[in-house]
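My notes follow in the order in which I looked things up.

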Amino acid sequence: MSTQFKDDAVQQASNIKEVPPPMYKVLLLNDDFTPMDFVIHVLQQFFYMSNEKATQIMLQVHTQGRGVCGIYTKDVAATKVEQVSQFSRAHQHPLQCVMEEN
């Protein structure tokens with residue numbers, strides 16, 4: 001292998017820009033049946049929020065119809081949505097958790 005070929009390969013590799021993966025927002029949607037305390041509990045348990053932050057997000061969900069719980073890569077966001085959905089169903093609440101591209 002020639003030195004010129006190696007130098008060209010190194011130059012091309014250094015010119016490649018890494019593109020970060022697309023990020024996704026995880027959102028909770030308002031409904032008329034899920035208790036506010038349950039929403040706060042979900043935010044603390046699955047999104048590791050303090051009581052104060054969880055209360056702020058819960059009030060945003062309540063007043064604006066939706067609230068952002070966090071922004072994650074696609075796999076992590078999908079896992080969070082599934083965990084929250086299963087937990088809500090297991091506790092007989094219709095709380096909806098969805099994701100959308102950021």
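**Entry 1: the sheet**

I started at one pair of facing residues: Leu-28 stands opposite Cys-97 in β3. I keep in mind that this model is predicted. Further along, I found Lys-25 opposite Glu-100, again in β3. I then looked up how β1 and β3 are joined. Six bridges link them, and the two strands run antiparallel.

Next I turned to the pairing of β1 with β2. How many bridges join β1 to β2? I noted seven, and this pair is antiparallel too.

Then I put the strands in order. The sheet is open, has three strands and reads β2-β1-β3, with antiparallel pairing. Its edge strands are β2 and β3 (96-101), each of which pairs on one side only. From one strand to the next, the twist averages 30 degrees. I also checked what lies against the sheet. Helix α3 packs on it and touches β1 and β2. The direction of α3 makes about 125 degrees with that of β2.

**Entry 2: the whole chain**

I stepped back to list the elements. I have four helices and three strands. From the N terminus on, their order is α-β-α-α-β-α-β.

How much of the chain counts as buried? I wrote down 30% of its 102 residues. The chain exposes about 7000 Å², and carbon and sulfur atoms supply 53% of that area. Residues 24 or more positions apart account for 73% of them.

**Entry 3: helix α2**

I checked the length of α2 next. Its 12 residues should span 16 Å at 1.5 Å a residue. The end C-alpha atoms are 16 Å apart, so the two values agree.

Which residues of α2 are buried? My list is Phe-38, Val-39, Ile-40, Val-42, Leu-43, Phe-46 and Phe-47. An α-helix has 3.6 residues a turn, so residues three or four places apart point the same way. I then asked what covers the buried residues of α2. The cover includes β1, α3 (51-64), β2 (66-73) and α4 (74-90).

Just after α2 I came to Tyr-48. Its phi is positive, at about 55 degrees.

**Entry 4: Gln-44**

I stayed with α2 and picked out Gln-44, which is found in this helix. Is Gln-44 buried or partly exposed? Its relative accessible area is 29%, so it counts as partly exposed. I set aside its neighbours within four places in sequence. Gln-44 is then in contact with Met-49, Ser-50, Asn-51 and Ala-54. I also took one distance, C-alpha to C-alpha. Gln-44 and Thr-55 are 9.5 Å apart in space and 11 residues apart in sequence.

**Entry 5: Thr-34**

Where does Thr-34 lie? I found it in the loop between β1 (23-29) and α2 (36-47). Thr-34 has a relative accessible area of 12%, so it is buried, the cut-off being under 20%.

I looked up its partners, leaving aside neighbours within four places in sequence. Thr-34 is in contact with Val-39, His-93, Pro-94 and Leu-95. For Leu-95 I noted an atom pair too. The side chain of Thr-34 reaches the backbone nitrogen of Leu-95 at 3.3 Å.

Definitions and conventions
Residues numbered from 1 in each chain as written. Predicted model: local features only at pLDDT ≥ 70, side-chain atom pairs only at ≥ 80, totals over all residues. Heavy atoms only, no water. Buried < 20%, exposed > 50% of the residue type's maximum accessible area, 1.4 Å probe, protein only. Contact = heavy atoms within 4.5 Å. Areas by Shrake-Rupley, 256 points an atom, 1.4 Å probe, with all protein chains shown as cover. Polar contact = N/O pair within 3.5 Å; in protein donor to acceptor, adjacent residues only side chain to side chain. Expected span 1.5 Å × (residues − 1). Pairing = 2+ DSSP bridges. Axes fitted to C-alpha atoms, helices over the stretch in contact; angles between N-to-C directions.
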